[in-house]
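Trainee: I would like to learn how to read the inside of a protein model. Can we work through one together?

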Amino acid sequence: MRITEAKFAGSCTRASNKPSRKLPEFAFIGRSNVGKSSLINMLCGNRRLAKTSATPGKTKLINHFLINDNWYLVDLPGYGFAKISKEAREELRSMINDYIRNSEEMVLLFVLVDSRHDIQKIDQEFLAGLGENGIPFAIIFTKGDKLGPNALKAQVERDKAILSEQWEELPPMFVSSAETGAGKEEILEYIEKYL
Ligand code: GTP
Ligand code: MG
């Protein structure tokens, strides 16, 4: 699939307030600063679509982008951002949970994991919650340009081993880089299968 049109379609804090058009939704989430907004911009070929920042916690709303007038790409706020108040963190958590449990159009959730480190406890806890709620997901290892090819492969294998302790069957996995465009075709092809 080629993305020929990507338009910002609105921000919301609850699934009940999302854009009213009923179209399949593919959502992106991950620890704050993992590179969600950069990945979304890379997939859409538009560097200014989702706001990126070197400071974690930039995305504090649920943002819908209408793609090819056919499906929504959804940018969710990052989880696990420590440098905000407990109340703000709780509000983000409830926003995320409400969306992923109540958005009937959500087809799949892409969970982004930084390819440079072992998958973290907070990611594993988040994935466990998805399992408990029967929410289909795939994993994208981000910032794939930051490691050499061998180190990258080894890290993915290590993460698979860690995940295998928790999961009988591993989810689909992709490696991406917002810098080189790696993973773009595979991810868009995977989305296309559901459309
Ligand atoms: P929040 O919305 O703040 O939670 O962050 P986010 O997950 O949307 O991350 P964002 O895309 O804003 O990127 C965070 C930082 O990582 C920025 O400085 C990006 O330039 C950098 N970054 C993101 N993706 C990549 C990548 O694939 N390669 C490299 N080298 N840097 C990246
Ligand atoms: Mg962001």
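Trainee: Which residues does Leu109 touch, not counting residues up to four places away in sequence?

Mentor: First, a caution: this is a predicted model. Now the contacts. Leu109 touches Ala27, Phe28, Ile29, Leu76 and Ile100, and also Phe126, Leu130, Pro136, Phe137 and Ala138.

Trainee: Which residues touch the most other members of the largest nonpolar core?

Mentor: Ile100 and Leu109 do, in a core of 34 residues. The largest share, five residues, comes from α2. Another core lies apart from this one; it has 25 residues, including Val34, Met42, Leu73 and Ile140.

Trainee: Let's take a strand. How many residues of β2 are buried?

Mentor: Six of the six, so β2 is largely enclosed by the rest of the structure. Check both faces. Glu25, Ala27 and Ile29 point one way, Phe26, Phe28 and Gly30 point the other way, and all are buried.

Trainee: In which sense does β2 pair with β4, parallel or antiparallel?

Mentor: Parallel, over four bridges. One place to look is Glu25, whose bridge partner in β4 is Tyr72. β2 also runs parallel to β5, joined by six bridges. There, Ala27 has Leu109 as its bridge partner in β5.

Trainee: Now the rings. How is a pair of aromatic rings described?

Mentor: By the distance of the centres and the angle of the planes. A search of the whole structure finds nine such pairs. In one of them, Phe26 and Tyr194 sit edge-to-face, 6.1 Å centre to centre with 65° between the planes. Phe26 lies in strand β2 and Tyr194 in the segment after α5 (184–192), so this pair ties together parts that are 168 residues apart in sequence.

Trainee: Which residues form one aromatic cluster?

Mentor: Phe26, Phe28, Trp71, Phe110, Phe174, Tyr190 and Tyr194.

Trainee: Back to single residues. Where is Cys12 found?

Mentor: In strand β1 (residues 6–12). Cys12 is buried, with a relative accessible area of 3%. Cys12 and Ile62 are 50 residues apart in sequence, yet 5.2 Å apart in space, C-alpha to C-alpha. Beyond its neighbours up to four places away in sequence, Cys12 touches Asn17, Lys18, Leu61, Ile62 and His64.

Trainee: And where is Val34 found?

Mentor: In the loop between β2 and α1 (36–44). Val34 counts as buried, at 2% relative accessibility. Leaving aside neighbours within four places in sequence, Val34 is in contact with Leu112, Val113, Asp114, Thr142 and Lys143.

Technical notes: Residues are numbered from 1 along each chain as its sequence is written. Chains are lettered from A and ligands numbered from 1 in the order in which they are written. This is a predicted model: local features need pLDDT of at least 70, side-chain atom pairs count only at pLDDT 80 or more; totals for chains, interfaces and linings use all residues. Side-chain values use heavy atoms; hydrogens and water are left out. A nonpolar core is a set of buried Ala, Val, Leu, Ile, Met, Phe, Trp, Tyr and Cys residues joined through side-chain atoms within 4.5 Å. Buried means under 20% relative accessible area, exposed over 50%, partly exposed in between (1.4 Å probe, protein chains only). Helices (H or I, at least four residues) and strands (E, at least two) are DSSP runs, numbered from the N terminus. Contact means heavy atoms within 4.5 Å. Rings of Phe, Tyr and Trp (its six-membered ring) pair if their centres lie within 6.5 Å; planes under 30 degrees apart count as stacked, over 60 as edge-to-face and the rest as tilted. Two strands pair if DSSP finds at least two bridges between them.
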